[in-house]
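Hello,

Here is the structure I said I would pass on. My notes on it follow below.

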Amino acid sequence: MSDTTPIVFVVDDDFSVRESLESLIRCEGLQPQTFASAQEFLDYPRVHTPNCLVLDVSLPGLNGLDLQGLVAHERTDMPIIFITGHGDVPMTVRAMKAGAVEFLTKPFNDDVLLAAIRTALERSRVALSLEAEMQILRDRYASLSQRERQVMALVVSGLLNKQVGGELGISEITVKAHRGKVMQKMKADSLADLVKMAARLRPEAGAIMAA
Amino acid sequence: MKKTTAPISLAGELDQQVAQQTAELAAANAELKKQLAERRLVEEKLQQEERELKRSEVRKAAIVDSALDCIVTIDHEGSITEFNPAAERTFGYRRDEVLGRPLANVIVPLSLREKHRQGFARYLATGEARVLGKRIEMTAVRADGSEFPVELAITRIPLEGPPSFTGYLRDITERKRAEHELRRSEAFLAEAQHLSRIGSFSWRVATDEITCSEQLYRIFQIDRDAQVTFELIGTRIHPEDLSVFQEHIERSRRDRSDVQLEFRLQMPDGAVKYVHVAAHFRGDHGRREYFGAVQDVTERRLSEEALSKARSDLARVARVTSLGVLTASIAHEVNQPLSGIVTNASTCLRMLATDPPNVDGARETARRTIRDGNRASEVITRLRALYGKKSPTAQSMDLNEAAREVIALSLSELQKNRVTLRPELAPDLPLVTGDRVQLQQVILNLLRNASDAMSTIEDRPRDLLIRTEPDDTDPNNHDRVRLSVSDVGIGFEPQATSKLFEAFYTTKNEGMGIGLSVSRSIIERHYGRLWATPNNGPGVTFSFSIPCNPEGLTSDATHASRIPSASDAA
């Protein structure tokens, strides 16, 4: 399997389940990676290919729902599919509300599982690609100087160059120069483009500006 | 007398006159003598009467003086005219101190004097007597001022002239006290009967006369005024218990055996009461009687029944609850291999559907399917052994022999896992009483666990030691036997020790957590214990120790007795 083959993580303490899933996943041309406990899984390094997690609810030590609580926020690129030997409604609701792709009870239909896995992997791919884009933007933004960032912020807020100059206490010409640099470094095609980029960066902008 | 015819001389007339007078004198004399005699008679009679009177007086005085009761006589003014020695003693006065004094002032307490005076005055005025001829009780006062209760009877002395009265008084302090005590005692008894819901009775066999205490009426809900007969009692007895009751009555009529009987009553309103009757025969003076008591034990019975019901409800709920938990656990345990089966089979189909078909892969999935199927069935088998309807049987058995059988059965599997088995079975191991099959299951479980624990060990020989020995660590000095299984495997974390025996907990890749939990239950029901200790070197030793002859288990060659199964305990 190549590096770009999507990975399916499986965490289940029962060996029958692990082995059979491993076999099934491999048969589908995906890359299985099985673990017997939540801790073993957490110790495994993160991956950058589309991936998803097939997770049993009842595990020794940290149980599946708690694991979901831990990783769901961080790993938006790893959607979770729950499998369980016995499920109750509250458990299901909790899992789904926390963003699980699917909640299946054993023994489950393999088609249903594989469909869920495919959905999850697609979500993962999208998330990864979004993340990649964001990273590019971040890198570009990081390459801006302090002054260039200030100019960018004011420009995307709708101020004319002259006004920007007034705000920052620099001449219009200087503003224009900085603006050009910003457009270049951010690789924005137009002001509108730059505005969209800024919007995407905004939640993080505060953090970056502080840095 | 000869008549003379001649005129006699004067002297002759004189003679005649003298003679006549003499005759008259003589007659008068005789008359006098007669009167004298009569008078003497009368006098004698009088004297006799006087003597009689005196004797009568003496007799009367004797009676009055020695009377136990106080005898006091008073005149029409109410003044004391007689005061007998008993009265002297009772009231503390000498006779001469009180004669002539008003009775009221002497013996009637100050607070009652006015009433007494009024009553006396009313009688004198109206002739209306409220107290004459009747026994009355009143309070009197002694010379020392102390008041005490007396019983009094007053009569009028039947003589002509102004009225006079005799009063007979008796100090009834003692009697009053005894009466009071008796009343208290009766009240006490009645209260006790009421509190304990016991009614007492007596039954005179010859006449079927039944006497009952207050409480008995209450228990049977019979009117106080009603006459208690067997017929009436019969109407209160629960129809189902009536014949038993009657049998007992008949038996008691014939012989003198004590009665001890419990039966039900049914009240007119339908309410049911439980009663316990105990009676004892007494045959003194030819009177054949039973004396007994009836106790209403309804409340106790009802609470016993409620308790019993609550217990069985609780047991049922516990059974259901644990069954619910068990069911969930079973479902969970079984779903694991089932999931494997289904997934493997599906994968198998996929593999066969590829072009070209992946036959090797398919074969592998089929093999795994079979393995998982067996695994699922093992779960069921083990559970059935523990919770099944079949009662375990206790026999006297040789643990070494049982162990050898298990070893023989698992030898091939152990060898396949490259496990070297080293048996150290003590010779002359005492026999134990237990269920052979169950104990063998435990041994098998331990062997398998040990083998599994070493499945990843590559750097040392996979030695599995199974040892039996007598165990003399029993605090009560009973004979015990211990079996240990030691491996050199990966061991377990200290924190996991308590979890190890939890049903369905497993740390292993192979095998099931349920094994140890079930094994422990089996050993505990043999009155033994199962535990695990890490070895000094690598690996773990699991041991169980069971008594040879547990109390509560009896071994009989012909009649195997029951070890309580889990379904009993639930």
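Where pLDDT is low, the predicted coordinates should not be read in detail.

Chain B as a whole has an average pLDDT of 82, and 85% of its residues score at least 70. Among its elements, the highest mean pLDDT, 94, belongs to strand E15 (residues 480-486) of chain B, and the lowest, 40, to helix H16 (residues 566-569) of chain B. For the model, the scores are ipTM 0.74 and pTM 0.41.

Next, the contact between the chains. Chain A contributes 16 residues to it and chain B 23 residues. On the chain A side, helix H1 (residues 15-27) of chain A supplies the largest share, nine residues. That side is made up of seven nonpolar, five polar and four charged residues.

Helix H7 (residues 161-168) of chain A packs against helix H8 (residues 172-186) of chain A at an angle of about 105°, and their axes are 8 Å apart. Angles of 65 to 115 degrees count as roughly perpendicular, so H7(A) is roughly perpendicular to H8(A). H7(A) makes the contact through A:Asn161, A:Lys162, A:Val164 and A:Gly165, and H8(A) through A:Glu172, A:Val175, A:Lys176 and A:Arg179. By class, these residues are two nonpolar, two polar and four charged.

Regards

Notes:
Residues numbered from 1 in each chain as written. Chains lettered and ligands numbered in written order. Predicted model: local features only at pLDDT ≥ 70, side-chain atom pairs only at ≥ 80, totals over all residues. Contact = placed C-beta atoms within 7 Å. Helix = DSSP H or I, 4+ residues; strand = E, 2+ residues; numbered from the N terminus. Nonpolar A, V, L, I, M, F, W, Y, C, P; charged D, E, K, R; others polar. Axes fitted to C-alpha atoms, helices over the stretch in contact; angles between N-to-C directions. Parallel < 35°, antiparallel > 145°, perpendicular 65-115°, else oblique. pLDDT = per-residue confidence, 0-100.
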